[in-house]
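Subject: Structure handover

Hello,

Here is the structure I promised to pass on.

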Amino acid sequence: MLTGIQVVFLGGDARQLEVIQKLYELDANIQLIGFDNLQRSYSGVRKADLTEEVLSEADAVILPVVGTDDTGKVEAIFSSQELRLEERHVAALPKHAKVYTGMAKPFLTNLCGKHGIPVVELLDRDDVAIYNSIPTAEGAVMIAIQNTDITIHGSTCTVIGIGRTGLTLARTLKGLGANVKVGVRRNEHFARAVEMGVTPFHTDHLAKELRDVDIVFNTVPAQVLTAGVIAQLPPGSIIIDLASKPGGTDFRFAERRGIKAMLAPGLPGMVAPKTAGRIIANAVSELILTEAKKRGMNR
Ligand code: NAP
């Protein structure tokens with residue numbers, strides 16, 4: 001249990017409600033900043049303003065999945081007020097406190113680093129990324145269905161990169177009956193693709209391998225879908241780019257060429273906020289419990 005552990009939530013969306021619920025069940029002392037319009041109430045959970053005083057008691061600060069922007073602004077969909085994390089807030093945190101977020105921009109890591117406060121990036125963790133790949137794959141399939149006039153079954157789909165997201169997506173597409181090809185650059189990924197019953201090719205040969213594709217899914221966070229590659233795509237094919245911004249596609253050239261290409265960020269939060277929230281909740285609660293054990297505070 002987390003009895004006696006002070007957790008401050010700073011902004012967030014529907015996913016954060018799952019995290020609040022989980023930590024509430026574990027008996028943490030919770031303060032919510034940026035939730036003034038939240039209808040749901042939890043007995044003993046207090047809503048607070050963003051002040052040094054509140055943060056000075058925090059053992060853990062939980063930020064939204066996207067952390068802050070480049071200037072410290074924190075998204076808070078349950079609040080009409082702007083939330084902005086400033087140096088004075090971080091300076092007020094106890095030295096043992098940790099900040100948890102999905103991913104951190106340099107603004108957050110630099111600010112916390114300056115004050116010796118560790119920032120834990122949950123989406124960096126393999127377990128979280130693998131669990132997250134499930135709603136991501138479902139969201140990618142949804143976008144494909146919405147943007148094509150053919151079934152996934154029987155179509156030729158190419159997944160570029162079979163890391164944590166690409167592997168799940170390739171398997172999902174195969175399960176739906178697509179002819180799945182995967183672009184990889186490592187021998188072990190080539191072997192894994194063969195084992196899975198999908199067709200691997202080396203990403204050096206992308207242009208040649210995409211000539212017969214219906215739907216391209218990119219998971220590589222580097223520009224692999226260059227103008228030269230896009231020029232080889234058949235008319236009517238589409239690109240769904242899942243890699244984090246700016247994606248791996250030359251979107252300007254794709255538009256010029258008449259190939260529909262879309263960047264599709266944040267799919268877990270969009271298609272399955274409850275599941276995405278539970279994934280974060282499980283990871284963050286485990287980490288805070290481990291910290292509490294280290295400090296001899298868990299009951
Ligand atoms: P990952 O496990 O690191 O997989 C990335 C894959 O890309 C690896 O197989 C890697 O191969 C390959 N790769 C990297 N650079 C390459 C290059 N220059 N050429 C060829 N292959 C290359 O990452 P992930 O967790 O699957 O995430 C992939 C991307 O999707 C990230 O940008 C992530 O932020 C994003 N994402 C988006 C959503 C969404 O909702 N849209 C959801 C989750 C993740 P090696 O192993 O050889 O390096």
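My notes on the model follow, from the whole chain down to single residues.

Ground rules first. This is a predicted model: local features need pLDDT of at least 70, side-chain atom pairs count only at pLDDT 80 or more, and totals for chains, interfaces and linings use all residues. Numbering starts from 1 along each chain as its sequence is written, and side-chain values use heavy atoms, with hydrogens and water left out.

**Whole chain**

The protein chain has 12 helices and 14 strands. Both are DSSP runs numbered from the N terminus: helices are H or I with at least four residues, strands are E with at least two. Along the principal axes, the C-alpha atoms fill a box of roughly 60 × 35 × 35 Å. Of the 299 residues, 50% count as buried. Buried means under 20% relative accessible area, exposed over 50%, and partly exposed in between, with a 1.4 Å probe and protein chains only. Contact means heavy atoms within 4.5 Å. Among contacts with a separation of 6 or more, 58% come from residues 24 or more positions apart.

**Cores**

A nonpolar core here is a set of buried Ala, Val, Leu, Ile, Met, Phe, Trp, Tyr and Cys residues joined through side-chain atoms within 4.5 Å. The largest one has 32 residues, and Val7, Phe9, Leu23 and Ile288 have the most contacts inside it. Two or more residues each come from strand 1 (6-10), helix 1 (14-25), strand 2 (29-33), strand 4 (60-62) and helix 12. Helix 12 gives the most, with 8 residues. A second, separate core of 27 residues includes Val159, Leu173, Ala178 and Ala193.

Leucine 23 is worth a look. Not counting residues up to four places away in sequence, leucine 23 touches Leu2, Val7, Phe9, Ala28, Ile30, Ile62, Ser285 and Ile288.

Helix 1 has 12 residues, which at 1.5 Å a residue should span 16 Å; its end C-alpha atoms are 17 Å apart, which agrees. The expected span is 1.5 Å times one less than the number of residues. Its buried residues are Arg15, Gln16, Leu17, Glu18, Val19, Ile20 and Leu23. Their cover includes strand 1, strand 2, strand 4, helix 11 and helix 12.

Aspartate 27 follows helix 1 and sits in the loop between helix 1 and strand 2. Its phi is near 70 degrees, a positive value in a residue other than glycine. Aspartate 27 counts as partly exposed, at 36% relative accessibility.

**Helix 5**

Helix 5 (residues 126-146) has 21 residues and should span 30 Å; its end C-alpha atoms are 30 Å apart, which agrees. A kink of about 30 degrees lies at serine 133, shortly before proline 135. The bend is the angle between axes fitted to the seven residues ending at a residue and the seven starting there. Buried residues of helix 5 include Val128, Asn132, Pro135, Gly139 and Ile143. The buried residues pack against helix 6 (164-175), strand 12 (215-218), strand 13 (238-241), strand 14 (260-263), helix 11 (267-271) and helix 12 (273-294).

**Parallel strands and crossovers**

Two strands pair if DSSP finds at least two bridges between them. A crossover is right-handed if, with the strands pointing away from the viewer, the path from the first strand over the helix to the second runs clockwise.

- Strands 9 and 10 run parallel, joined by 5 bridges. Threonine 158 stands opposite lysine 181.
- Strands 10 and 11 run parallel, with 4 bridges. Glycine 183 has phenylalanine 201 as its bridge partner. With helix 7 (residues 187-196), strands 10 and 11 make a right-handed β-α-β unit.
- Strands 13 and 14 run parallel, also with 4 bridges. Their β-α-β crossover goes through helix 10 (residues 251-257) and is right-handed.

Strand 10 is largely enclosed by the rest of the structure, because 5 of its 6 residues are buried.

**Two single sites**

Threonine 156 lies in strand 9 (residues 156-160). This residue is buried, with a relative accessible area of 14%. A cis peptide bond joins lysine 245 and proline 246, with omega about 5 degrees. Proline 246 is in the loop between strand 13 and helix 10.

Best wishes
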